[in-house]
Amino acid sequence: MTENPFDPVTLSKIANMELRARLVADAVMSGIHKSPYTGSSIEFLEHKEYSPGNEIKHIDWKVQAKTDKYYVKQFEEETNLKSYLFVDASGSMGYKSKGVSKLEYAITLAASLAYVLLKQSDLVGLVCFSDGVKQYVPPRSRLSHFHAIIKTLEGLEAKGQSDTGAVLKEFAEKISHRSLIIIISDFFDNREAITRQLKYFHFKKNEVVLFHILDHYELTFPFEAITYFESMEDERKILADPKTIKERYLAEINRFIEQFKKTCLENQIDYWMIDTSTPLDQTLIQFLARRENVLRSIIKR
Amino acid sequence: MISFLNPLLLIGILGAAIPVIIHLINKKKAISHKFAAIDFLFQSNKRIYVKFKLRQLILLVLRACLFAFLAMALAKPFIKSYGAGGADGKTPTSSVIIVDESYSMQYAEKTNTLFHSAKDAARNIIGNLTKDDKAAVIGCSPANSKDVPELEYDKEKLTAIIDDLHSGYSTTDITSALDRAIEILIADEAPVKQIFIITDLARNGWDLQWFQNGQQKLHNNVACVHIVDVSEGKESKNVALTGLELRNNAFGTSGDISFKATVFNYSPDKIKNLLAQVFVDQKKVTQGFFNSEANSAETKEFCFKVEKGSHFGWIEIPDDNLITDNKRYFTLNEEQKIDALLIDGDPRTNIYESETFYLEKALNPAREHASSIKPVICSVQEVEGLKFEDFDIVFFCNVEMLPYEKVWELEKYVKEGGAVIFSLGDKVDSSYYNSSFGSLLPHRLHTKKTFSGNTLITEEQPLHVKISGETHPVMRVLFEMHSTMMSSINFYQVFYLDPTPLEGAKTILSFSDNTPAIIERQVGKGKAVLFTSSIDRDWTDLPVKPLFVPLIQQLCRYISGSVTGDTRHETLVGQSWQFPSPYDAENLEMTNPEGTKTLLSPQVIENEKYFVYNETHVPGIYSCIINDASQLKNPFFFPVNVDVLESNPEKIGEKELTALMGETNVTIRSFRSGERREVVTGEAKKTLWGIFLLLVFGLLVAESFISRK
């Protein structure tokens, strides 16, 4: 059987993060990732009748001369999207059953997304956090900026407790409107605080994408022997008989996922629940394809 | 209080630690796993964790209990009530303590006898009673067979009773003691009634027949029977003198005594050159050596001479663990010569056909000087020249008639203490006899009766002797020894007697048609005996039967007054001794081996006067002197020996015992070690291993149910 090169495990064998990200991004990118937002671009899109508030510099005087009407030029803007990648590097992200940890998956995903975005000349910023901001790379659009992102990601370690809500709150005022906010986390956190911030981002017309990364074992809980389960973020531990609690656990985690998904749906947040055993290219393809559709529908509106 | 049959198996309780250890090991070995979604585990586990912990704990306890209960069940627990009141130690109890005091309890391997241990055990039991407990102490020898004491609260009194107990020389009779114990307990209303039997478990003490009814009686009235085995379950080694068969001078030389002594080796080892010494009148007369295999007997004959008269003696073997049965006593009564006059009413030229031929041979079977009876034969005509008073016995053998003066002399002779025996024949005229010897004849003659036989006069079958439980001293020994021979004697002609009996007449022997064959009557100081057939072979074949000689010998000794009771018949400890009272005896002075004198008065038993002595509690020689108005006779003796049944140390098996007890709770324990060897119960509530096994089963079910869940 041929090995899927985008399988997280296979990918993890590639030591170079940049190479990993590019491999994924190049493979999945169709090159049609376009910005839905207008701006100063070199490609003319169409004319629109002037209305108060439109910038005067965009009035096409030639058309005015011919038609005696004021039209403003509209351009197809491709590069002006400001994206923020929030990568959760708390202790819980370090969990891996087999293959790659959630953090490793998140890092590769983040790098791939950054590459895709940078290739589209978008501004890409990176926020690595746990209970506070660990690393922050401000948004830039240069491709060379990718190295800085990769370097930051490579240095990440899953450590500390997570407080996603607080970190998002911290960035809420810094992030200008209409930005793309991608949060990659397991969201084992204060769900209400997160939800509150997500609603706020949505309110500020930001486009929010959540990548909810969960390990396969977290989703299936295939343990059998009596086990001491130890917390990855604090000193808590619990002795449990997996056979006894499996049913209840699965119910709990599914309820959590469903509630998260529901919240996202209500707030028009793009929610992606990702099992770390899922090949990364598949995740990206699906994401980009859906995103393309969404953008187009937004533009048409 | 709970006790255990197999206490060693209680070590198995440590097995209860196994689940705990496994639990601890597993706890240590529990996989440690870092898990991110631990919050969900906490949420899920919040209730389940408590349940899980609880379940783990329950399983742990169940498994530990399972091991512990299994070990306890195998250790066979039961409620201990031994000497400590009720099972709970609070319930008042009534106890009867039966102490085996038979002579087998005198068995001693070192210094202490089993009986000492038995008394210690009894004191122990008394010591363990609470103030609310009552008890009674009884022995189980036949001497105590009517001893039914009341239950006592007073422990000091009970201890004193135990102190006063002494081991006797009798056999064990546990079952009669059980009867008495039940009788004592049956009237009592204590909630717990129990019987303690302190014994060496000798088999002979247990009458197995008794348990057919006694088993239910025990079960109905007694909560528990505790058997304390003072022999500690050990095999006893005993060598005993078990038999002594005297064969004196009936056919041999006068004064020559021979007897056979039997030694039984009850020990598992062979005995070699065991010295046996014979003493007569406290002087050693002979000795011999016994060699016997394990559990087998050997018989040896001892011969010696004694002077005429009454003697006593014993044979003894060296002391062993049980000394009581190493000595057996005997007495010898070498009678004085009896002079008998045989008046032949039908003398013949051919002596074989003479009336007295067989009688003379019977009285003096061997040489003249060898028999104690000296017969003198004379014809009717010769009688006139003889004096009856020169003879001890006068036989009238088919005598037709006697001169008048001799009839008168005969009457005087008998009344002054002489003895006459009439035997009949074809010369006898009943009317003459009735008129001439009427004052002497025990019964008046009636008619002659002929039965079938040689003459075939009638078709009737010959008469036979009636076999019955005769108690007449003449016949007692003969019936015991020769009852089968007696039935073969044929009588073809007999004289029937007048149906009206004379006063004082006693039948010695009857025919099968219940008419008298030999009848006696006390006449003055003397005795007259009538034999209703002929003394030769004319009317009967008795003279050629083996029984004839002992019958005639015994009859002569009896009527001449030289039968000193049943001297050959061994009297055993505890048995009643009876002696026919002479005509004018006032009393009998009895001296037992310990020197205690008792004066006995005659008692009438079945129209016969007897001296009866029941206090034969000690083996040895008992001396008797009969006091009468006219003379003081020389002392004579009789021996009392221990019953050899008790010498046999064979023990009753514990399983057999518990089976005998049926549904009654039984505990059997050794006294010294206190080891409980066997417990059998008919009621589950008394023993606990059934409950424990049930618990184990329940725990297994619960464990599998909970662990599966």
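**Notes on the predicted model**

1. In this predicted model, three strands form an open sheet in the order E9(A)-E8(A)-E2(B), with mixed pairing. The edges of this sheet are strand E9 (237-240) of chain A and strand E2 (31-35) of chain B, each of which pairs on one side only. From one strand to the next the twist averages 25°.

2. The two pairings in this sheet can be described separately. Within chain A, strand E8 (residues 227-231) and E9(A) pair in the antiparallel sense over four bridges, and Thr227(A) has Ala240(A) in E9(A) as its bridge partner. Between the chains, E8(A) and E2(B) run parallel and are joined by five bridges, with Ser231(A) standing opposite Phe35(B) of E2(B).

3. How many residues does each chain give to the contact? Chain B gives 19 residues and chain A gives 26 residues. On the side of chain B that touches chain A, the elements that contribute two or more residues are E2 and helix H2 (38-74) of chain B, and H2(B) provides the largest share, namely eleven residues. By residue class, that side of chain B divides into twelve nonpolar, five polar and two charged residues.

4. Turning to chain B as a whole, its secondary structure comes to 14 helices and 33 strands. Of its 709 residues, 43% count as buried. Among the contacts in chain B that link residues at least 6 apart in sequence, 74% join residues at least 24 apart.

5. Chain B also holds an open sheet of seven strands, with mixed pairing and the order E16-E15-E17-E18-E23-E22-E21. Its edge strands are strand E16 (373-379) and strand E21 (505-510) of chain B, each pairing on one side only, and the twist averages 20° from one strand to the next.

6. Helix H12 (residues 548-559) of chain B, for its part, lies across strand E15 (338-344), E16, E17, E18 and E23 of chain B, and runs at about 155° to E23(B).

7. In chain A, a helix pair deserves a comment of its own. Helix H6 (residues 164-172) and helix H7 (residues 191-203) of chain A pack at an angle of about 25°, with their axes 8 Å apart; because angles under 35 degrees count as roughly parallel, H6(A) is roughly parallel to H7(A). The crossing of H6(A) past H7(A) is left-handed. On the H6(A) side the contact is made by Thr164(A), Gly165(A), Ala166(A), Leu168(A), Lys169(A) and Ala172(A), and on the H7(A) side by Ala193(A), Ile194(A), Arg196(A), Gln197(A) and Tyr200(A). The residues in this contact of H6(A) with H7(A) divide into six nonpolar, three polar and two charged.

8. Is strand E6 of chain A buried or exposed? Six of the six residues of strand E6 (residues 180-185) of chain A are buried, so this strand is largely enclosed by the rest of the structure. In a regular strand the side chains alternate between the two faces of the sheet.

9. Strand E3 (residues 82-88) of chain A pairs with E6(A) in the parallel sense over five bridges, and Phe86(A) has Ile183(A) in E6(A) as its bridge partner. Strand E7 (residues 207-214) of chain A also runs parallel to E6(A), joined to it by six bridges, and here the bridge partner of Leu180(A) is Glu207(A) in E7(A).

Technical notes. Residues are numbered from 1 along each chain as its sequence is written. Chains are lettered from A and ligands numbered from 1 in the order in which they are written. This is a predicted model: local features need pLDDT of at least 70, side-chain atom pairs count only at pLDDT 80 or more; totals for chains, interfaces and linings use all residues. Two strands pair if DSSP finds at least two bridges between them. Axes are lines fitted to C-alpha atoms, for helices over the stretch in contact, and angles run from 0 to 180 degrees between N-to-C directions. Two residues are in contact if their C-beta atoms, placed from the backbone, lie within 7 Å. Ala, Val, Leu, Ile, Met, Phe, Trp, Tyr, Cys and Pro count as nonpolar, Asp, Glu, Lys and Arg as charged, and the others, Gly among them, as polar. Angles under 35 degrees count as roughly parallel, over 145 as roughly antiparallel, 65 to 115 as roughly perpendicular and the rest as oblique. A crossing is left-handed if the near helix is turned anticlockwise from the far one by less than a right angle, and right-handed if clockwise. A residue is buried if 20 or more other C-beta atoms lie within 10 Å of its own, exposed if 12 or fewer, and partly exposed in between; C-beta atoms are placed from the backbone.
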